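This report covers the salt bridges and the helix packing of one model. The structure is shown first, and the text follows.

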Amino acid sequence: MITAFIFFLHFIFLLIIFTKKWQDEGLSSGFINLALIGILFAVGWTITGLIAKLVMEPEGFGIYYDRDTFSLTLLTIAEFFFYKFYYQETSTAIDKEKQ
């Protein structure tokens, strides 16, 4: 159940980023950002899976929080900080003057 929720969060994030980039920069930029997020998700899940394998047993902390869910949680936390930095809007002096 937790795993499905994490995948759902990623799907919603993909839709938001694709729509935002499509509207702001064009369709190709939307697809490029989808590819970037997909590649980072796959590589990140592999790396956090290796870390989770070192830290805990396959059973994890219970029936709903096994080792794969733990690695997805680590990945989601790392992605949150990375994407918050990567997709932040940079404001320039010109933007501040418009406000």
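Lysine 21 is buried, at a relative accessible area of 16%; buried means under 20%, exposed over 50% and partly exposed in between, with a 1.4 Å probe and protein chains only. Lysine 21 forms a salt bridge with glutamate 25, the closest N and O atoms being 3.3 Å apart. A salt bridge here is a side-chain nitrogen of Lys or Arg within 4 Å of a carboxyl oxygen of Asp or Glu. Glutamate 25 and lysine 21 are four residues apart in helix H1, so about one helical turn separates them.

This is a predicted model, in which local features need pLDDT of at least 70 and side-chain atom pairs count only at pLDDT 80 or more, while totals for chains, interfaces and linings use all residues. Residues are numbered from 1 along each chain as its sequence is written, and side-chain values use heavy atoms, with hydrogens and water left out.

The structure holds two salt bridges. Side chains of opposite charge can pair when their charged atoms come close.

| Salt bridge | N to O distance |
|---|---|
| Glutamate 25 – lysine 21 | 3.3 Å |
| Aspartate 24 – lysine 20 | 3.4 Å |

Aspartate 24 and lysine 20 both lie in helix H1 (residues 2-25), four residues apart, or about one turn of the helix. Aspartate 24 is exposed, with 54% relative accessible area, and lysine 20 is partly exposed at 34%. Helices are DSSP runs (H or I, at least four residues), numbered from the N terminus.

How do the helices pack? The axes of H1 and H3 come within 10 Å and cross at roughly 25 degrees. H1 is therefore roughly parallel to H3; angles under 35 degrees count as roughly parallel, over 145 as roughly antiparallel, 65 to 115 as roughly perpendicular and the rest as oblique. Axes are lines fitted to C-alpha atoms over the stretch in contact, with angles from 0 to 180 degrees between N-to-C directions. The crossing of H1 and H3 is left-handed, meaning that the near helix is turned anticlockwise from the far one by less than a right angle, whereas clockwise gives right-handed. Residues of H1 that meet H3 include Ile2, Phe7 and Phe13, and those on the H3 side include Leu72, Glu79 and Tyr83; contact means heavy atoms within 4.5 Å.

Helix H2 (residues 27-55) packs on helix H3 (residues 67-86) at about 135 degrees, with axes 8 Å apart. H2 and H3 are therefore oblique to each other. Their crossing is right-handed.

How values were computed. Helix = DSSP H or I, 4+ residues; strand = E, 2+ residues; numbered from the N terminus.
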